[in-house]
Amino acid sequence: MTTTLTLLAKVRSEGEFVAFLVVMGFFIGFGLFMILGQSNAHYDVTTKRGVPYCPKCNRQVTYRRDYCRCCGYQFVSYKKKD
């Protein structure tokens with residue numbers, strides 16, 4: 001919040017202020033889009049002691065990828081909200 005106020009304090013003209021609001025609106029909108037896009041992801045993994053494993057080959061997987069590197073199983077699916 002203090003960074004935003006610092007940036008607003010440096011604005012010298014009305015055009016710069018409008019440009020600043022447009023850029024900030026873009027970043028806020030993009031952030032919300034990314035958060036809402038990931039909120040409906042379904043992970044089909046087995047968990048042992050808090051660590052995710054592939055249900056097909058039983059190898060450890062990471063949540064960063066949406067597929068198993070060993071067998072290629074796609075364990076993330078995105079469902080549309082009703």
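Is arginine 49 buried or exposed? Arginine 49 is exposed, at a relative accessible area of 87%. Exposed here means over 50% relative accessible area, buried means under 20%, and partly exposed lies in between (1.4 Å probe, protein chains only).

1. Basis. The model is predicted: local features need pLDDT of at least 70, side-chain atom pairs count only at pLDDT 80 or more, and totals for chains, interfaces and linings use all residues. Residues are numbered from 1 along each chain as its sequence is written, and side-chain values use heavy atoms, with hydrogens and water left out.

2. Layout. The protein chain has two helices and four strands. Along the sequence they run α-α-β-β-β-β. Helices (H or I, at least four residues) and strands (E, at least two) are DSSP runs, numbered from the N terminus.

3. Buried residues are 11% of the 82 residues in the protein chain. Of the contacts with a separation of 6 or more, 28% join residues 24 or more positions apart. A contact means heavy atoms within 4.5 Å.

4. Surface. Accessible areas come from the Shrake-Rupley method with a 1.4 Å probe; for residues, only the protein chains shown count as cover.

5. Nonpolar patch. Val23, Phe26, Phe27, Phe30, Phe33 and Met34 form a nonpolar surface patch, with about 660 Å² of accessible area together. Patch residues have over 30% relative accessible area and no salt bridge; nonpolar side chains (Val, Leu, Ile, Met, Phe, Trp, Tyr) are joined within 5 Å, like charges within 9 Å. A salt bridge is a side-chain nitrogen of Lys or Arg within 4 Å of a carboxyl oxygen of Asp or Glu. Phenylalanine 33 lies in helix α2 (residues 14–38). Phenylalanine 33 is exposed, at 57%. In soluble globular proteins, nonpolar side chains tend to be buried together.

6. Core. The largest nonpolar core has seven residues: Ala41, Val45, Cys54, Val61, Cys68, Phe75 and Val76. Such a core is a set of buried Ala, Val, Leu, Ile, Met, Phe, Trp, Tyr and Cys residues joined through side-chain atoms within 4.5 Å. Leaving out residues up to four places away in sequence, cysteine 54 touches Thr46, Arg59, Val61, Cys68, Cys71 and Tyr73.

7. Positive phi. Arginine 49 sits in the loop between β2 (46–48) and β3 (51–53). Its phi is near 55°, a positive value in a residue other than glycine. Asparagine 58, in the loop between β3 and β4 (76–78), has phi near 65°, also positive and also not a glycine. Asparagine 58 is partly exposed, at 42% relative accessibility.
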